[in-house]
Amino acid sequence: MAAKASKITAPRLSDVSLEDLKDDPAPDFRRGERYDGVRYSRAAADGLELSGTDFAECEFQGVSFNDTQLRGATFRDCILSELYAPVFTAARSTWRDVQISNPRLGSAELYESGWQSVRIDGGKLDFLNLRGSKLTDVLISGCIINELDLGSAAGTRVVLKNCTIGTLDLQGAKLKDFDLRGTDFRTISGLGSLSGVVIDDYQLGLLAPLLAGHLGLTVA
């Protein structure tokens, strides 16, 4: 019989409150610059080179970042709603105290990034690559993710709530208080890295054949 978790520590999330923002209807984004206290609505940054750019206390409403290079960029105390990008490239980026709602992302390359106090609500992502990332205090709810790659990632106080996930890769991940209860998934790879994951009884039933195969068990 699986052990019951005596105590599960929930994510420690900070509310993002933005006031007195300046509206910029036609932003001229430049690589490595810092943008502070600005609201962007229905703007397009498609194809721009914005590596190392720093966004602090900014709000993005329906902004398109398709094929934008955001490698090493920083988002701090930001709100992003209806973020759009068939190709979203932000490897080794930093996300701290960020709220994201209803994103529409195709291939989201966020490997080796750092997330702290991040909330994603709703939306659809075809492929979310967080391989080698460090995730602390993260809540993803009501989101459809076709493929989620957490290989070699470190996750602490992470909750995936009421999500639908096709393929979940946990190969080599190090997890603690990683809560999957209430989330539907088709398959999980990296069964040897399930330590620290919290599941419900229904999910345990789904995992039973995979675990039996992983352990070499024969059920007769």
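A disulfide is a covalent bond between the sulfur atoms of two cysteines. When a disulfide is taken as a pair of cysteine sulfur atoms within 2.5 Å, the count for this structure comes to zero. Cys78 takes part in no disulfide, and the nearest cysteine sulfur, which belongs to Cys58, lies 5.0 Å away. Cys78 has 0% relative accessibility and therefore counts as buried, a term that stands for under 20% relative accessible area, with exposed for over 50% and partly exposed in between (1.4 Å probe, protein chains only). For Cys163 the closest cysteine sulfur, in Cys143, is 5.6 Å from its own sulfur, which is too far for a bond; Cys163 is likewise buried, with a relative accessible area of 1%.

The model is a predicted one, in which local features need pLDDT of at least 70 and side-chain atom pairs count only at pLDDT 80 or more, whereas totals for chains, interfaces and linings use all residues. Residues are numbered from 1 along each chain as its sequence is written, and side-chain values use heavy atoms, with hydrogens and water left out.

Strands are DSSP runs of E with at least two residues, numbered from the N terminus, and two of them pair if DSSP finds at least two bridges between them. Six strands form an open sheet with parallel pairing, in the order β7-β9-β11-β13-β15-β17. At its edges stand β7 (84–89) and β17 (184–189), each of which pairs on one side only. From one strand to the next the twist averages 5°, where axes are lines fitted to C-alpha atoms and angles run from 0 to 180 degrees between N-to-C directions. Within this sheet, β9 (residues 104–109) pairs with β11 (residues 124–129) in the parallel sense over five bridges, and Ala108 has Leu128 in β11 as its bridge partner.

Technical notes
Helices (H or I, at least four residues) and strands (E, at least two) are DSSP runs, numbered from the N terminus.
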